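I'm jotting down what I looked up in this structure, entry by entry.

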Amino acid sequence: MMKSIFTAAALATTLLAGAASATTVNTTYQVDGNPFGTDNLRQVVRVHSPEQTTDVYAGLYQMTGDNGFGDFAAFCVDLAEWLHDPVTYTTQPTLFGEAVRDNVAKLYNSVLGGSTVADVIDTSLEAAGFQVALWEIVTETGSSMDVSGGAFRVSNNSGVANLAQSYLDNMGSAATDGYEITYLYNDGYQDLATVAPVPVPAAGLLLLTGLGGLVAMRRRKKA
């Protein structure tokens with residue numbers, strides 16, 4: 001767990017540093033020939049989108065990048081193009097409009113609840129369900145978030161579709177500021193999204209430590 005906390009904090013620092021300006025990152029798969037890595041968190045779904053109707057893998061990519069990224073998890077946000085290894089990406093904070101970015105942020109916040117992707121999404125069903133929900137947000141041109149209809153929909157995997165829909169239905173009034181979301185853009189290959197929890201400010205950590213100390217003191221006095 002401590003390693004995950006340090007890794008998330010380091011990635012968040014990198015992402016925050018690059019938020020104000022575009023950053024270039026060279027990426028490869030963590031496992032040669034398999035973007036889903038050793039965990040292989042993926043399932044097959046049939047996607048129906050403005051670009052295509054075809055069977056695809058929906059799941060969680062395991063990538064490695066330079067420029068401070070290291071090993072990181074990512075999801076696809078671009079059904080029109082294919083993933084490749086290696087790829088040079090540029091960070092694009094405004095890859096989508098504000099409304100889409102807000103919904104993506106709500107999805108991450110409502111599903112992850114302050115934890116890391118690795119801590120929460122650890123089955124192929126969860127990975128595929130989240131990916132489909134994300135595709136719905138970035139691809140759908142209508143006003144409703146429904147993975148069974150509209151400009152984007154999925155079929156041939158009811159388990160994934162049902163979980164994706166529940167993720168979308170539960171977004172509600174979720175926060176939009178709990179994660180630093182970085183969009184990785186390449187003109188010829190599939191665009192990606194990766195996140196890290198926004199680090200708690202040092203003052204916040206001191207406050208939490210102080211409150212913990214007060215609780216301990218009160219317990220000792222009662223004893």
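**Entry: two Phe residues.** I checked burial to start: Phe 75 and Phe 130 are both buried (under 20% relative accessible area with a 1.4 Å probe, protein chains only; over 50% would be exposed, and in between partly exposed). I'm working from a predicted model, where local features need pLDDT of at least 70, side-chain atom pairs count only at pLDDT 80 or more, and totals for chains, interfaces and linings use all residues. Residues are numbered from 1 along each chain as its sequence is written, and side-chain values use heavy atoms, with hydrogens and water left out.

**Entry: ring pairs.** How many aromatic pairs are there? I got eight, taking Phe, Tyr and Trp rings (the six-membered one for Trp) with centres within 6.5 Å; planes under 30 degrees apart are stacked, over 60 edge-to-face, the rest tilted. Phe 75 and Phe 130 make a tilted pair, 4.8 Å centre to centre with 35° between the planes. Phe 75 belongs to strand 5 and Phe 130 to helix 4 (residues 124–139), so I noted that this pair links distant parts of the chain, 55 residues apart (helices are DSSP runs of H or I, at least four residues, strands are runs of E, at least two, and both are numbered from the N terminus). Ring pairs also bring Tyr 108 and Tyr 167 into a cluster with Phe 75 and Phe 130.

**Entry: the barrel.** I traced six strands in a closed barrel, in the order 1-4-5-9-8-6, with antiparallel pairing (a pair needs at least two DSSP bridges). Strand 1 (residues 24–29) meets strand 6 (residues 87–91) through four bridges, antiparallel. There, Thr 27 sits opposite Val 87 of strand 6.

**Entry: Thr 91.** Buried or exposed, I wondered about Thr 91 in strand 6? Thr 91 counts as buried because its relative accessibility is 5%. Its side chain reaches the backbone nitrogen of Thr 23 at 2.7 Å.

Entry: Strand 2 (residues 42–48) and strand 3 (residues 53–59) run antiparallel, joined by seven bridges. They form a hairpin with four residues between them, and I found Val 44 opposite Tyr 57 in strand 3. The ring of Tyr 57 has the charged end of Arg 42 over it, 3.9 Å from the ring centre (the rule: NZ of Lys or CZ of Arg within 6 Å of the centre and within 35 degrees of the ring normal). Strand 2 also runs antiparallel to strand 7 (residues 153–155), with three bridges; His 48 stands opposite Arg 153 there.

Terms used. A polar contact is a pair of N or O atoms within 3.5 Å; within protein, one must be able to donate a hydrogen and the other to accept it, and residues adjacent in sequence count only if both atoms are side-chain atoms.
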